[in-house]
Amino acid sequence: MSIAAVPSSAGEALANEFEALFLEHHELVYRTAYSVTGNRADAEDVLQTIFLRLLRGLPPDFDRNPKGYLYRAAVNLSLNILRSRKRQAPADGLERLPAPVDTTPAPADDPLRRALLDAIGQLKPRAVEILILHYEHDYSDAQIARMLGTSRGTIAVTLYRTRARLKKLVSRAIPETQS
Amino acid sequence: MKPDLNDIDALLEQHLPSASAQQVENAGLRVLRRLRMRDQAAATEPGEPIEFEPVPVATWRRTAVTWIAAAAVVAIGVGTAIMWRPANRVGVVATVDTSLSRQVDGRTRRFPRVPTWKPATGPHHRRRRRGSHAGGRLECRNAVPLRALG
């Protein structure tokens with residue numbers, strides 16, 4: 001069943017405009033959050049948090065570029081989660097609580113994936129925004145520039161530098177034993 | 001096998017987490033349902049209109065400015081008292097021989113001795129045990145004659 005076809009009962013009435021906004025952008029927000037956090041529950045939290053905030057009131061500059069605003073919010077919130085997760089890593093001698101069951105294929109056991117997410121967590125938010133738009137959403141440089149309100153040249157340069165930095169961070173994180 | 005880190009493009013395309021369409025759909029459904037429920041709960045909440053008593057901005061601003069000005073005045077006063085001392089410091093010092101001297105900017109100036117007066121006693125003065133003040137006589141025992149200080 002398509003999400004747009006989910007009927008709302010009499011008691012579950014969201015404003016039509018808000019619901020249209022959700023239907024239009026939820027995929028972008030969720031995919032972005034999932035790419036940055038690598039976790040389904042976290043991505044869902046990001047999606048819910050962003051739209052819950054919007055439900056309380058639209059920010060003043062929202063109407064100018066709703067897609068860009070939602071995308072930036074998704075990246076920032078996901079990065080916060082990623083970084084706080086790293087900070088909350090259990091200390092030695094403490095047992096990790098069992099994680100909720102995640103049936104996602106390609107789990108976080110993949111060391112390369114973990115290294116990649118750790119490296120993304122160390123990038124600047126702007127770099128992550130461009131990286132995810134390029135690799136996850138398959139946007140061209142021109143499309144990214146339009147969405148983020150900057151020039152194509154800036155996007156190309158940032159992407160180039162981000163790749164170089166990622167390469168350095170990932171190769172530092174991948175243990176030598178893997179060779 | 002060590003991954004080819006030189007091909008960062010391939011690495012990102014292969015290992016960057018990507019949600020499936022089904023996953024996006026399910027998450028969207030769940031979140032939309034939760035948002036609807038929250039919206040409904042917020043709408044049906046029995047909320048009494050909260051009455052705010054608006055505090056005029058000018059009032060607190062004026063109070064704050066007054067307090068800051070008062071604090072500044074006190075600080076300036078205390079600072080001035082600490083930092084500034086009169087250059088012309090004067091002190092009157094009594095030495096052990098009861099002579100008086102005055103110190104002005106480190107230089108000592110002695111006062112002329114103040115004559116001391118004692119009741120006159122001696123073999124040629126009759127001593128009275130009682131009421132000596134009534135009939136006593138004072139005489140100057142100092143070498144310096146009493147004169148006005150000027």
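Biologist: How many helices and strands are there in chain A?

Modeller: In this predicted model, chain A has 7 helices and 0 strands, and from the N terminus on its elements run α-α-α-α-α-α-α. Buried residues make up 42% of the 179 residues in chain A, where buried means a relative accessible area under 20%.

Biologist: Which residues make the contact, and how do they divide into nonpolar, polar and charged?

Modeller: Helix 5 of chain A brings A:Arg126, A:Glu129, A:Ile130, A:Leu133 and A:His134, while helix 6 of chain A brings A:Asp141, A:Ile144, A:Met147 and A:Leu148. The residues of this contact divide into 5 nonpolar, 1 polar and 3 charged.

Biologist: What makes A:Asp138 exposed, and where is A:Asp138 found?

Modeller: A:Asp138 is found in the loop between helix 5 and helix 6 of chain A. Exposed means over 50% relative accessible area, so A:Asp138, at 62% relative accessibility, counts as exposed. A:Asp138 also has a positive phi of about 55°, although it is not a glycine; most residues other than glycine have a negative phi.

Biologist: Which residues touch the most other members of the largest nonpolar core?

Modeller: Of the 36 residues in that core, A:Tyr71, A:Ile120, A:Val128, A:Leu166, A:Val170 and B:Leu12 touch the most other members. Among the helices that each supply at least two residues of this core are helix 1 (16-37) and helix 7 (152-173) of chain A, together with helix 1 (8-15) of chain B, and the largest share, 7 residues, comes from helix 5 of chain A.

Biologist: What does A:Val128 touch, not counting residues up to four places away in sequence?

Modeller: With those sequence neighbours left out, A:Val128 touches A:Val36, A:Tyr71, A:Val75, A:Leu79, A:Ile120 and A:Leu123. There is also a second, separate core of 25 residues, which includes A:Phe18, A:Leu47, A:Phe51 and B:Leu35.

How values were computed
Residues numbered from 1 in each chain as written. Chains lettered and ligands numbered in written order. Predicted model: local features only at pLDDT ≥ 70, side-chain atom pairs only at ≥ 80, totals over all residues. Heavy atoms only, no water. Contact = heavy atoms within 4.5 Å. Helix = DSSP H or I, 4+ residues; strand = E, 2+ residues; numbered from the N terminus. Nonpolar A, V, L, I, M, F, W, Y, C, P; charged D, E, K, R; others polar. Core = buried A, V, L, I, M, F, W, Y, C linked by side-chain atoms within 4.5 Å. Buried < 20%, exposed > 50% of the residue type's maximum accessible area, 1.4 Å probe, protein only.
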